[in-house]
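Please keep the model open as you read.

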Amino acid sequence: MHSDAITDILIVLTAALVIVPLLHRAGVSSVLGYLAVGMLIGPSGLKAIDDPEQAAWLAELGVVFMLFAIGLELPLERLKTMRFYVFGLGGAQMGVTMLVIGLIAILLGMDPAAAIVIGGILALSSTATVLKLLIDRGEAAARFGRIAVAVLLFQDLAVVPMLALIPLLGAEGGSLWFALGLAAVKAALALGLITLAGRFLIRPLFRQIAGTGNSELFTAASLFILLGLGWITREAGMSMGLGAFLAGMLLAGTPYRHQIEADIQPFRGLLLGLFFVTVGMTFDLAAVAANIVPIIGITLIFVLIKVLLTALVARAFGLKSDTGLRAALILAQGSEFGFVLTSLAGIGGILSGGTILNLNAAIVLSIALTPALATLGRYAASYIRDRRGRRASSLADESEHLAEHVLVAGYGRVGQAICRLLDNAEIGYVVLDLNVQRVIRARARGLPVYFGDASRIDVLRAAGVERASLAVIAIDSPAMAERMAAALHEIVPNLVIVARAWDAGHAQRLAHLGVNEAIPEDIEIGLGLGSAMLRRLGRFAPDVDRYIAAFRAEQQTYGSAEPDKTTERITKD
């Protein structure tokens with residue numbers, strides 16, 4: 001690597017290490033932080049780097065890793081369970097928004113190809129921004145949060161035809177309809193071929209590699225599939241990111257998905273950050289300042305259009321007005337992936353440099369507005385509920401479209417901690433609790449917490465227990481916990497149940513009632529205190545872990561199943 005390139009990368013990393021954490025403390029998202037780094041050190045800022053193109057290849061790899069990670073989040077099972085909202089509501093929202101914004105672009109003098117691209121770019125919302133905001137506010141499992149996630153899933157899928165379409169629209173002498181048809185055919189062929197290759201080649205390959213227990217070989221195989229399929233689609237005249245996205249979808253339904261995510265996370269985060277830095281370097285701050293009025297106008301217009309159209313589509317799909325409005329406001333911003341598409345459209349000659357600058361600046365401004373829009377949505381939804389005096393949706397309504405969710409019994413301190421973890425892991429859940437005040441407070445935040453007795457079969461069925469992937473008993477009453485375990489085991493004998501136990505004897509009784517893992521409070525508290533004690537006495541962490549493991553091995557009170565050996569070998573340090 002040329003010494004100048006190394007110097008540029010060091011400048012980028014130094015600026016990022018200083019600026020991004022400072023902005024993060026001020027509540028600014030990492031995406032905006034990296035963009036700010038690029039603006040500061042780029043040609044229109046301090047001119048620390050004069051030629052952003054030197055790091056362009058690394059930025060392209062960042063996009064490839066981002067698309068691969070998005071594909072990993074889209075297993076077919078997840079799409080099937082949420083198909084009504086993903087393909088129905090999400091498809092309608094994307095299609096209507098793209099059409100309206102495209103028509104407005106045509107009325108403003110854009111040619112049809114540019115209008116289609118602009119409509120598609122501004123119809124997308126920021127997955128990273130929305131998910132982080134939902135998780136930080138503990139609203140990922142709220143009904144409007146699940147609706148927003150479903151729409152984002154469809155938008156992530158819509159990236160595939162857009163990646164194939166934009167290069168075709170920029171081709172010389174081709175008709176628009178021919179380009180649209182060819183894009184659809186290419187995307188379908190790529191998806192079909194890669195799916196067949198995955199079933200007969202890639203999945204068996206991963207099964208063999210996982211069996212070796214060699215974590216380095218497993219990581220190498222993940223990178224090979226990611227970059228290899230990306231190279232194939234690029235050689236076929238499509239985007240390299242398209243192949244990476246399809247590779248992610250291919251591996252999303254395998255048992256190796258979570259380990260692959262962990263393996264690529266360091267590469268993805270670093271390279272994606274570098275991509276946003278390079279986007280920031282392309283901003284001509286003087287030009288942005290000169291066009292600030294049109295940029296603000298573009299931002300306000302497309303944000304208002306998206307809010308209005310998304311709320312109307314949500315209403316058409318039977319959602320309550322407060323739920324639809326909250327989802328619409330949190331999805332009103334542009335997408336960080338819009339930077340990728342504007343760059344691709346610029347290369348193809350579809351969009352001019354001035355249009356790209358205005359679009360990118362409007363996307364940045366809309367992302368910065370997202371926290372305020374989300375807060376506005378919370379107050380607006382509360383006002384609508386109070387004004388209409390509408391009763392809360394029933395437990396059966398809430399869980400009607402849930403599948404593979406977690407059923408949590410108890411919303412005390414332990415239950416709330418569990419739900420917070422589920423929010424962070426983006427796993428849907430429904431909570432049953434018998435404390436009226438706790439339920440009221442949680443419902444006021446839009447969380448799926450309901451008054452109900454989890455030992456009653458009719459209540460469990462209303463919570464969709466037959467479709468749940470796991471149940472957690474988090475209450476502090478031993479007798480009630482045993483009744484709940486018996487009821488859960490009676491309805492779904494194969495349901496995985498994890499329970500909080502009073503002591504070792506209680507854990508044993510729960511195990512006999514069908515609980516897979518019962519965690520005794522006294523033992524866990526003792527181990528936590530003992531671990532802290534040993535560390536304070538100067539014992540090293542590996543030694544403390546070994547002592548605790550030996551203690552656990554002596555206990556026969558846990559009902560846990562034997563861990564999967566393949567996963568254990570892969571994830572072992």
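Strand β5 and strand β6 (residues 517-520) lie side by side in the parallel sense, joined by four bridges; strands count as paired here if DSSP finds at least two bridges between them. Within this pairing, Val-498 sits opposite Glu-517 of β6. Together with helix α23 (residues 504-512), β5 and β6 form a right-handed β-α-β unit. Right-handed means that, with the strands pointing away from the viewer, the path from the first strand over the helix to the second runs clockwise.

Before going further, a word on the model: it is predicted, and local features need pLDDT of at least 70, side-chain atom pairs count only at pLDDT 80 or more, and totals for chains, interfaces and linings use all residues. Residues are numbered from 1 along each chain as its sequence is written, and side-chain values use heavy atoms, with hydrogens and water left out.

Now look at β5 itself, residues 496-501: what lies on its covered face, and what on its uncovered one? Ile-497, Ala-499 and Ala-501 make up the covered face, while Val-496, Val-498 and Arg-500 belong to the uncovered one. β5 also pairs with strand β4 (residues 470-473), again in the parallel sense and over four bridges. In that pairing Ile-473 stands opposite Ala-499 of β5. The chain gets from β4 to β5 by way of helix α22 (residues 478-491), in a right-handed β-α-β crossover.

Follow β4 to its pairing with β1, which is parallel and has four bridges; here Leu-407 faces Ala-471 in β4. Strand β1 (residues 406-409) points Val-406 and Val-408 one way and Leu-407 and Ala-409 the other, yet all of them are buried. Buried means under 20% relative accessible area, exposed means over 50%, and partly exposed lies in between (1.4 Å probe, protein chains only). β1 is also joined to strand β2 (residues 429-433) by four bridges, and the two run parallel. Val-406 is found opposite Tyr-429 of β2.

Next come the charged pairs. Side chains of opposite charge can pair when their charged atoms come close. A salt bridge is taken as a side-chain nitrogen of Lys or Arg within 4 Å of a carboxyl oxygen of Asp or Glu, and by this rule there are six. Glu-521 is partly exposed, because its relative accessible area is 23%. Another salt bridge joins Arg-546 and Asp-543 at 2.9 Å, N to O. These two are three residues apart in helix α25 (residues 541-554), so about one helical turn separates them. Arg-456 and Asp-458 also meet in a salt bridge, at 2.7 Å, N to O.

Two buried residues are worth a visit. Pro-448 lies in the loop between α20 (436-444) and β3 (449-451) and counts as buried because its relative accessibility is 0%. Asn-360, in helix α17 (residues 353-388), is buried too, with a relative accessible area of 7%. Which residues touch Asn-360, leaving aside its neighbours within four places in sequence? They are Phe-283, Gly-338, Phe-339 and Thr-342, where contact means heavy atoms within 4.5 Å.

For contrast, turn to Leu-304 in helix α14 (residues 292-316). Leu-304 counts as exposed because its relative accessibility is 60%.

Finally, step back to the whole chain. There are 26 helices and six strands, and 49% of the 573 residues count as buried. Among contacts between residues at least 6 apart in sequence, 74% join residues at least 24 apart.
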